[in-house]
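Dear colleague,

Please find below the structure that I promised to hand over, followed by notes on what turned up in it.

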Amino acid sequence: MSERHPDPMPLRTRDTITILTGTVLWAIALAVVLLVVRPADHRPAWVCVVGIGLGLFGLWYVRRRDARLGEAAPVDEVTGSEPRRP
């Protein structure tokens, strides 16, 4: 049997910027729908509102998660990675 290699360290991503970009795009889509398209029914506008709401929830969730993970495992200043846990 071969020896099991240790799991790689998780990648650091910028989730806040990604979610914020998506939320801003939903806000732009809402402005376009309301000002340019002017639909007879308001379903397209509600789709944009839900996208903005989910984006704001995602921002709240990711920031809370990052704060919790930051307290649990501080990043090593020299290597830029989390210390290994036994």
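To begin with the charged pairs, Arg43 and Asp41 join their side chains in a salt bridge at 3.4 Å, N to O (a salt bridge being a side-chain nitrogen of Lys or Arg within 4 Å of a carboxyl oxygen of Asp or Glu). Arg43 is exposed at 63% relative accessibility, whereas Asp41 is partly exposed at 35% (buried means under 20% relative accessible area, exposed over 50%, and partly exposed in between, with a 1.4 Å probe and protein chains only).

Please bear in mind that this is a predicted model, in which local features need pLDDT of at least 70 and side-chain atom pairs count only at pLDDT 80 or more, while totals for chains, interfaces and linings use all residues. Residues are numbered from 1 along each chain as its sequence is written, and side-chain values use heavy atoms, with hydrogens and water left out.

Searching the whole structure gives four salt bridges. One of them pairs Asp15 with Arg65 at 2.8 Å, N to O; Asp15 lies in helix 1 and Arg65 in helix 2 (residues 43–72), so this contact ties together parts that are 50 residues apart in sequence (helices are DSSP runs of H or I, at least four residues, numbered from the N terminus). Both side chains are partly exposed, Asp15 with a relative accessible area of 23% and Arg65 at 27% relative accessibility, and a network of salt bridges links Asp15, Arg65 and Asp66. Elsewhere, Asp7 meets Arg4 in a salt bridge at 3.1 Å, N to O, and Arg4 is exposed at 64% relative accessibility.

Methods
Helices (H or I, at least four residues) and strands (E, at least two) are DSSP runs, numbered from the N terminus.
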